[in-house]
Amino acid sequence: TEIVVKLRPKLSVINNVHYRRPPRYDLERLKQPDVATAYAQNLEAALPDEGVLDVAPLEDCWSTVKAAINNAAESTIGYVERNRRNDWFDEECRAVLEEKDAARAVMLQHGTRQNVERYRQKRKQQTRLFREKKRRLEEAECEEMELLCRSQETRKFYKKLNASRKGYVPQAEICKDKDGSLLTDKREVIERWKQHFDEHLNGEENVGTDDQGSGGNDYVGAAKDGNEPTPTLREVKDAIHQLKTTKRLVRTVSQQNSSRWARKSWPPVCTS
């Protein structure tokens, strides 16, 4: 006798940690003067005195300030409501979908011509309704983007435009290690990012490797030795050109002070 066994391997999901994105504060409300004033007053009342922060350890100070900011923001600003992926799906769509599913179940049990025709009619009704709901939502989004464009809300306009182009993009929680292998575990990904920023900001010598880096590590070593190289005027201009549009004010200041830079006649720095 022969025994045929069919194996279906599955990935274990017991140890997977589901990431839950923290809620975001509704920062748009800070543009309202009354909300901004109330937030400033609540934050000032929640923060401790400077004398208490001076004698407390650094971690305790940051925890106290963070708790004060979160409490003031939660009570005054509030959170942003999370948008659903399918805003067009309402109770009418749900009712039509349930009717179609019920007709399909009846057709599978008793495949008569009447039941098959009834299921086809319900499926056509669902397809027609869903298409109409999606079309109305697209028209509303186009009108909203046109209004944002006319009111010169550039950032909101492009955010809405990119969301409509790309659609839903799932967040990828993977990265590569130094050898090029993919890391999928959440803890391993966090440790890899920690190692990356330690090497990038503190230098490779602080994470147990040889100090053979270049670029940023050279500046770190030079800063520790007290011989940090002075950036040239060309390097400063190139860095300013790479800034975003909201930071172009620095370019104007640089152009006004370019002559001072050449003469090295900068005003004294106020330390008080």
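Modeller: Start with Glu28: its relative accessible area is 40%, so Glu28 is partly exposed. Buried means under 20% relative accessible area, exposed over 50%, partly exposed in between (1.4 Å probe, protein chains only). This is a predicted model: local features need pLDDT of at least 70, side-chain atom pairs count only at pLDDT 80 or more, and totals for chains, interfaces and linings use all residues. Residues are numbered from 1 along each chain as its sequence is written, and side-chain values use heavy atoms, leaving out hydrogens and water.

Colleague: Which side chain meets Glu28 in a salt bridge?

Modeller: Lys156 does, at 3.4 Å, N to O. A salt bridge here is a side-chain nitrogen of Lys or Arg within 4 Å of a carboxyl oxygen of Asp or Glu. The two residues are 128 residues apart, with Lys156 in helix H6 (residues 154-166) and Glu28 in the segment before H1. Helices are DSSP runs (H or I, at least four residues), numbered from the N terminus.

Colleague: How many salt bridges does the rule count?

Modeller: The count is 13. Another one joins Asp90 and Lys133, at 2.9 Å, N to O.

Colleague: Is Lys133 buried or exposed?

Modeller: Lys133 counts as buried, because its relative accessibility is 14%. Asp90 is partly exposed at 27%.

Colleague: Switching to helix H5. What does Glu146 pair with?

Modeller: Arg150, with the closest N and O atoms 2.6 Å apart. Both lie in helix H5, four residues apart, about one turn of the helix. Arg150 is exposed at 65%, while Glu146 is partly exposed at 41%.
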